[in-house]
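Trainee: I am new to this structure and would like a close look at how one of its chains is divided, followed by the neighbouring parts. Please take it slowly.

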Amino acid sequence: MSAVAPSATPTADPLLVPRVHEVTAVIQEIPDVVTIRCIPVEGALFDFQPAQIGMVGAFGIGEAAISISSPATESSFHEYTIRRAGAITSALTRLQPGDQFWVRGPFGTPWDLDLDGRDILIAAGGIGLAPLRSAVYALLKYRERYASTTLVIGARSSEHLLYANEYETWREHGLAVFDTIDHPEPGWSGRVGFVSEVVRELGVSGPSTSALVCGPDIMTFLTADVLVAGGVPPEQVQVTLERNMQCGNGLCGHCQLGPLIVCRDGPVVRYPAVAASLRVKEL
Amino acid sequence: MQHTSATPIAWPESIEHGQSPSLAVWKFASCDGCQLSLLDCEDELMAVAGRVAISYFPEATTAMVDGPYDVSLVEGSITTEHDAARILDIRRQSRLLVTIGACATAGGIQALRNGRDVDGFTSIVYAHPEYITTLATSTPIADHVRVDLELRGCPIDRGQLLQTLAALLNRHALRLPTTSVCIECKARQTSCVMVAHGTPCLGPVTQAGCGALCPSFHRGCYGCFGPMESPNVPALRTQLGLLGLAGVDIDRLLNTFNTTAFAELEQTQIDERAPS
Amino acid sequence: MRRWLEVESGVVSGEPSIGQPGGQPIDWWVMRAGDLHRFISLLKSEFDEVIGPVAVDGVIRLRPIESADDLPTGFTEQQETGSYRLLETGTSLRFSYGLGPDSLKSIVHPPRSPVWTMRRHDGTLIVDQALHGTTTRAVIGARACDLRALDILERTQTGGQHTDPAFAVHRQGLFLVAIDCSHPAPTCFCDTGGDGPVADHGYDIAITELDHPNGIVYLVRVGTDHGRSLIESLHLAPAPRTFLEHRDHQHRSISREFIRELPKDAAKVVRLADHPHWNDVAERCLTCGNCTAVCPTCFCTDMDDIVGLDGETATRTRVWDTCFSMEYSHLGPGPHRTSPAARYRQWLSHKLGTWHDQFGESGCVGCGRCITWCPVGIDLTAEVESLGRPVEANA
């Protein structure tokens, strides 16, 4: 009689096994923000849905949770738009073509884009447009499914408007793009004011509206409140959450926001699920 | 004492990967124990001998190369006017200044003199006190010059020193814990000396990094790594009192290796909590 | 002594035993001290490691054992808020103690666990995943609360879409010998916070140490086929009914010993985020993380990446983390939960409240370890009670 020895085969879970990628291009976006274009060193690109995230790692530094910003239908590369903040993102934004790094993913809930016949409003604050970029491309690919599509993008200043060189193309494909900056500046003839205010002024919200919102916590709930006050059913407001995601597979505990484990239950959630939590200080 | 951030530290651009940074090791008022921790890393350092230029390290080598230096490791506290001037010069010559050990980061055990009758001590200890020139205080390096990084402890932890050097040589991130000693104590499955034996221990208010060395030898932590990220000194004082320690003994425990660091925090916390 | 020989042969007159040798399967067996030695020897031959309670450094801990001689015979302990003392009883009881700081978590979800080694060579990254040892372990001394906690911990690490490979391997190699609790500590509250002191599932073998007027015996039952095959190989006698009645009596008297309780509606703390009592706890809380380390269900982990001096190898180790750490809630600009009040609130609200949302149950089993091993003796049952009072009453 002997005990059955447990197996010790390596896991194949893509959330646990880092896949080495190589940088093929680096695009300088706005100050302190770059987009890294990459391909896996071995095997095919993994599939993902808009708003899904990869844990992106730099050798000897660590990992950061970065949403995949390239169109989900793009079959020749993935892109990650990264803002330089701490040591990890600093190292990632220093990567050059040919450099190797790794990705674990994809994980997280995607945007629900099965919104046929509805008026789509996308509201983004600053780099919050990154997880929405793949949604924009998905919406425009099937533009005829939706009644209207509108994007409100806000930034600190005009030089901080992310993907600004793509707005014209998006407009040509049927997306009404409204860009706004926080404060007036010389040479800027566009809108000035926070995203939530512009959404209110545009009067684009109503019972037929479905909204996708991504930005800092405060921008998220201010905008969501404007939308709900304008008649958008709260369930029709999808928001993304940002918390300290470390494992990406719901095992490490870091990214909790009240009842939610953000890497598992988010980043995209319906507004009623977080309306209260987002307002609690230090939750 | 500065608070070491657990956030990875980005090294200055001047130390580029592949170059051999020059290293200088300086001694102020101290026992040399932290420098010995560096010498104790001999085996590991041999592996990277070609990648770091030890330019000034009197404890180890007689060769002395003039500055400037990429990195200066500074041991000891400032106790004389001469040293107070010397540290300014070292700062000027150093791109990165790292203080090593409780003396350099907190003033050390010699800071027990602070606020006392130093002339009286001198006359008791020395046969010819007239030969002794000393300041009335022992102060940490950061009281005199900007410090880029602090390695705490009496002595410093060998592992932390090696991690620092590895990060420095390779431009990698350095992550030093700022949580309590208890975290390391529980991780190594040491039985809590305070809860199980009633031994006074500063572990709950002291920063991790030593690997919970003293409790693993059934001794209470004496706080040589200084305050952790959110030390609740008044709460620990209450508990130490319940364990039977008199106020004066609690003071002595708190103020020995990190002198006033805990006491100052405690006073701040008491003030914050006082009803206004 | 003659009486015991009769028992061992299973032919005590006038005392019908449960199950018939050679007929119906036996449900309860009797073990004496000598049998216990044989049992542990058998476990030693069956498993790579046998872990059991050992009195070491003034605490009863779960450690590898060589034989039944290593068990804490004649020891018990006294626990209070922030205090644990090992005591000698002068009896021959081996399991007459309340829980020590170790739970099964230390075994299946150890403080440090290797994840990968990454090497960089000429700009190329090569990843070597860590393989987790296939060591098989028998653990003697798990209590009902430990088994319950293992279930809860297992759900967090293997119950979702992703499985922690280290946990899965450690759990698969685990053989559990539960010991019914005969000595709940004053800090315990498993009758209101968990499943109660008697192990009723989740074990391979369960043992009751019976302090019988005629001497100490061990009543054995099994929970798995593996457990049954091991016990049957010892050829023990079936247990007479009187022993089982004595066991019931022993358990009933234990149930009266609980002095702490967790209110049924403890999950309500989630809705009290603005309660002023959180600040009151924060004045006492050291934010040291001892409670999360000893909690048998606290599962949070961090990754420790260490780069070699050569700069070409980086090893990743998964380490226990704690929500009492500032770095735990790090977001772009810095820690999100800076105040100790917010950190204690996160711990308690998660443990008793949002755990239900995330995993469908409470994260607390009532073992009381966080109460004993808190250096300043913070008692979560008392904190829940204070949070339950109207706000005015707290002022």
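What distance separates the centres of domain 1 of chain A and domain 2 of chain A, taken over C-alpha atoms?

Mentor: This is a predicted model, in which local features need pLDDT of at least 70 and side-chain atom pairs count only at pLDDT 80 or more, while totals for chains, interfaces and linings use all residues. Residues are numbered from 1 along each chain as its sequence is written, and chains are lettered from A and ligands numbered from 1 in the order in which they are written.

The centres of domain 1 and domain 2 of chain A, taken over C-alpha atoms, are separated by 22 Å. The domain assignment of chain A places domain 1 at 19-107 and domain 2 at 119-279, with bounds that come from an automatic or database domain assignment. Their contact takes 21 residues from domain 1 of chain A and 20 residues from domain 2 of chain A, where two residues are in contact if their C-beta atoms, placed from the backbone, lie within 7 Å. On the domain 1 side, the elements that give two or more residues are β1 (19-30), β3 (53-58), β4 (62-67), β5 (78-83) and β6 (100-107) of chain A; helices (H or I, at least four residues) and strands (E, at least two) are DSSP runs, numbered from the N terminus. β6(A) gives the most to this side, with three residues. By class, the side of domain 1 of chain A that touches domain 2 has 12 nonpolar, six polar and three charged residues (Ala, Val, Leu, Ile, Met, Phe, Trp, Tyr, Cys and Pro count as nonpolar, Asp, Glu, Lys and Arg as charged, and the others, Gly among them, as polar).

Domain 1 of chain B brings 13 residues to the contact and domain 2 of chain B brings 12 residues. Helix α4 (residues 102-106) of chain B, with three residues, gives the most to the domain 1 side, and that side divides into six nonpolar, five polar and two charged residues.

The axes of α10 (residues 233-242) and α12 (residues 261-273) of chain B come within 8 Å and cross at roughly 100°, the axes being lines fitted to C-alpha atoms, for helices over the stretch in contact, with angles running from 0 to 180 degrees between N-to-C directions.

Taken as a whole, chain B has 12 helices and five strands. Buried residues make up 49% of its 276 residues, a residue being buried if 20 or more other C-beta atoms, placed from the backbone, lie within 10 Å of its own.

Chain B also has a partner: 36 residues of chain B are in contact with 37 residues of chain C. On the chain C side, the largest share, three residues, comes from α10(C), and that side divides into 18 nonpolar, 12 polar and seven charged residues.

Terms used: Buried ≥ 20, exposed ≤ 12 C-beta atoms within 10 Å, placed from the backbone.
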